[in-house]
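Let's take a look at how two chains meet, and at what one of them shows on its surface.

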Amino acid sequence: MNPSVITDNLIYFLVGPWPQGPLGGAALTVILTVLSAALSGVLGLVFGVLLSVLRGPWLAVLRLGLGLFRAIPVLMLIFWIYFLAPIAFGLDVPGVGSVVAALSLIGGAYLAHTVHAGIEALPRGQWAAASALGLSRRQTLWLVVAPQVLPRMAPSVVNQWIALTKDTSLAYVIGVAELSFVATQVSNRVMVYPAEIYLFVAVLYFILCAGFELAAGRLARRYRSLPA
Amino acid sequence: MFDGFLAPRYIGWMIDGLGVTLGLSALASVIALVLGFVLCVLRLSPSRPVAGLAAAWLSAFRNTPLLVQLFFWYFGVSALLPDSLMAWLNAPHRIGVEAFGAPWPPFEMLAGLLGLSLYSAAFMAEEFRAGIYSVAPGQTAAGRALGMTSTQIWISIILPQAVRIARAPLAGQVMNVVKNSSLTMAIGLAELSYAARQVETETFQAFQAFGLATLFYIGAVALIGGFSQLAWGRSSPPTGAAR
């Protein structure tokens with residue numbers, strides 16, 4: 001074990017070539033995670049509510065679409081967006097944008113079912129009761145359903161964040177300079193001690209993910225004690 | 001962009017890649033199922049050090065990216081192992097009897113299989129554990145009241161129910177193995193995603209190459225889902241499976 005390869009390159013692992021160049025390394029990993037967590041949260045909410053309110057052919061189309069996003073590897077979706085968006089739509093999507101788009105779509109597809117399951121778990125009588133009180137469907141959703149469903153979803157949302165954090169490493173394949181990419185750069189440059197480098201990088205990811213895992217466990221315990 | 005379909009030669013590459021993906025996924029799934037069960041048993045051990053070590057192992061493998069784990073096994077381990085062993089691993093050997101004539105796998109295949117199996121085993125262990133936890137604790141008490149030993153309680157009461165509960169989530173994890181096997185392209189294993197990227201580079205027919213690979217992946221995942229549904233009557237494996 002040789003720790004100097006880590007200490008010599010520590011700043012590069014954490015922020016990449018910044019401030020001389022663009023921000024990279026662990027900082028970019030965190031940014032990718034936060035952006036895709038926020039976007040996948042919005043998509044998950046919208047698609048989850050739609051799963052609960054749509055009927056007939058539109059519901060079938062939505063289910064098929066969400067199923068496709070959950071059936072393909074994240075890597076394939078990144079390739080689709082990165083290599084095909086320029087050809088198909090004339091859009092030149094930068095690497096960071098491709099990764100955030102792919103992770104948000106896949107994360108959103110998983111979250112949609114969490115949101116949908118949360119909504120379905122509420123007794124149907126609550127919708128009837130709200131309607132008897134003169135609330136519209138939209139009001140019921142926001143004032144009655146959301147406050148009960150959202151806190152209970154918290155643990156599985158946090159688990160999605162863990163998956164997202166790990167999936168940001170796939171940005172490596174299209175050359176986005178996040179933590180994994182920076183690690184291979186350092187490894188290729190020094191040519192020795194790859195085990196030390198990848199172990200250290202794994203520890204950095206572990207700190208991010210295990211933090212979320214602790215949070216998920218706490219939230220799960222807190223909401224388990226709530227009355228159903 | 002849509003100028004005709006891929007030449008037969010390239011379709012051949014893609015089918016070869018699919019074969020590697022399926023073979024790798026099948027082997028890794030079997031290893032991960034067995035290892036995952038063992039890890040789950042260790043995790044539930046009454047001995048605190050054993051249970052604690054197993055918990056730390058599971059947490060380490062679940063909370064780091066598969067890509068980094070693959071880099072560690074492929075680049076890291078090859079630097080740590082003695083040169084003589086690496087030379088032996090890289091040299092071709094005949095495995096098994098002549099009749100099978102299976103070629104010696106390249107090192108990226110060994111590293112990929114090891115990485116994918118260990119990563120997936122940690123998730124399978126948690127699915128087994130969830131299955132065991134969902135068997136009501138009163139049943140253990142009932143078994144004890146009937147004078148059963150704890151081995152008997154495990155074998156005839158808890159495990160049969162736990163496996164029945166865990167099998168659909170486990171099928172979901174097998175789907176994840178197929179999808180995750182795509183990451184082994186980063187260590188140069190010529191599986192489906194690698195083949196798609198190669199074909200795209202050679203032909204510039206990105207749409208056809210990624211389209212065909214996507215169809216293959218969807219087909220493989222749908223087959224697993226269909227099997228799960230037919231065999232166990234579940235509509236589909238659960239959607240929120242950790243990955």
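Here is a short walk through the interface and then a surface patch.

This is a predicted model, so local features need pLDDT of at least 70, side-chain atom pairs count only at pLDDT 80 or more, and totals for chains, interfaces and linings use all residues. Residues are numbered from 1 along each chain as its sequence is written, chains are lettered from A in the order in which they are written, and side-chain values use heavy atoms, with hydrogens and water left out.

| Feature | Value |
|---|---|
| Residues in contact (heavy atoms within 4.5 Å) | 39 of chain B, 39 of chain A |
| Buried area (accessible area, 1.4 Å probe, lost on being put together, summed over both) | about 3500 Å² |
| Salt bridges (Lys or Arg side-chain nitrogen within 4 Å of an Asp or Glu carboxyl oxygen) | 1 |

Carbon and sulfur atoms give 73% of that buried area. The salt bridge pairs the side chains of B:R62 and A:E213, at 3.9 Å from N to O. On chain B's side, helix 9 (206-232) is one of the contributing elements, and helix 9 gives the most, with 9 residues. By class, chain B's side has 24 nonpolar, 10 polar and 5 charged residues.

Now for the patch. B:V30, B:L33, B:V34, B:V38, B:L42 and B:V50 make a nonpolar surface patch of about 450 Å². Its residues have over 30% relative accessible area and no salt bridge, with nonpolar side chains joined within 5 Å. Helix 1 of chain B (residues 8-43) supplies the largest share, 5 residues, and B:V34 lies in that helix.

How values were computed. Buried area is the accessible area (1.4 Å probe) that two parts lose on being put together, summed over both. Helices (H or I, at least four residues) and strands (E, at least two) are DSSP runs, numbered from the N terminus. Ala, Val, Leu, Ile, Met, Phe, Trp, Tyr, Cys and Pro count as nonpolar, Asp, Glu, Lys and Arg as charged, and the others, Gly among them, as polar. Patches are made of residues with over 30% relative accessible area and no salt bridge: like charges are joined within 9 Å, nonpolar side chains (Val, Leu, Ile, Met, Phe, Trp, Tyr) within 5 Å. Accessible areas come from the Shrake-Rupley method with a 1.4 Å probe; for residues, only the protein chains shown count as cover.
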